[in-house]
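Here is a short note to read beside the model. Please keep the structure open as you go through the points.

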Amino acid sequence: KHGKLFYLGIVVFLIIGLISLSMLVNTFSEAGKKTISVPMAFPVVAIIVFYEGVVRGRDLSEVGVKRENFWRNVGIGVLLAFFGFFGMFAAVNLVIPGLMEEISGRAETISSLLRSGFPFPLNYILQTIYAFTLLAPAEELLFRGFIQGKLQKWMNVYLAIIIQSILFGLAHGIPVYVMGLSIVHSVGYGLIGFFGGILLGITFYKTDNSIVAPWIAHAISDS
């Protein structure tokens, strides 16, 4: 178990990293035509680490950061990505043609900047690094580790999964609607977030409340 100074150092590192990342991506955006949004999960994760590690003096295993059965959970995450998420994406493309392409092409996101702002294969290498080291772990720590982990202590676990999935869906659907996506595509993206949240939430619960398998599945699907 680490001390409070260790977690305070992580918080300072996250804040500096967040500011630096925001400045960097907006510097590389197309002549400043678009403001690149930094995911909400990043600053919230800094708050969670501060609250759990510094204020309450708890280990981050309380929010799903666990080393037990790490490689088993990595394997589960890989299987979930290929047999769960990619299957869901294929079904979505059949029901709402063009949705996945429109979402991935949004100019306001870091992922789109990385994919369109650098030559192949560097663009996909950078996007993969971003997904595995920043985007996926931040969202999993927030939605599965913190929100679902806390809710599971207060209510039925499957109700907790549904509630965090609704929040996860809203966190995906509302921003794209505000950024100009059509209502149909925004609802579609929100539903992807909801059903994705269900898959990730069940996996989190079934792997002893560890974020490792959801993190790997989430990162692969976003790469």
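1. A charge sits over a ring if NZ of Lys or CZ of Arg is within 6 Å of the ring centre and within 35 degrees of the ring normal. Arg144 meets this for Phe168: Arg144 lies over the ring face, 4.2 Å from the ring centre.

2. A word on the basis. The model is predicted, so local features need pLDDT of at least 70, and side-chain atom pairs count only at pLDDT 80 or more, while totals for chains, interfaces and linings use all residues. Residues are numbered from 1 along each chain as its sequence is written, and side-chain values use heavy atoms, without hydrogens or water.

3. Arg144 belongs to a helix contact. In H6, Arg144 is one of the residues that meet H7, and Phe168 is among their partners there. Contact means heavy atoms within 4.5 Å. The residues of this contact divide into 10 nonpolar, 4 polar and 2 charged.

4. Which rings pair up? Rings of Phe, Tyr and Trp (its six-membered ring) pair if their centres lie within 6.5 Å; planes under 30 degrees apart count as stacked, over 60 as edge-to-face and the rest as tilted. The whole structure has 11 aromatic pairs. Phe6 and Tyr7 are edge-to-face, 5.3 Å centre to centre, with 80 degrees between the planes. Phe70 and Trp71 are also edge-to-face, at 5.0 Å and 85 degrees. Ring pairs link Phe82, Phe85, Phe86 and Phe89 into a cluster.

5. Buried means under 20% relative accessible area, exposed over 50%, partly exposed in between (1.4 Å probe, protein chains only). Tyr7 is buried at 1%. Phe6 is partly exposed at 40%. Trp71 is exposed at 69%.

Terms used. Helices (H or I, at least four residues) and strands (E, at least two) are DSSP runs, numbered from the N terminus. Ala, Val, Leu, Ile, Met, Phe, Trp, Tyr, Cys and Pro count as nonpolar, Asp, Glu, Lys and Arg as charged, and the others, Gly among them, as polar.
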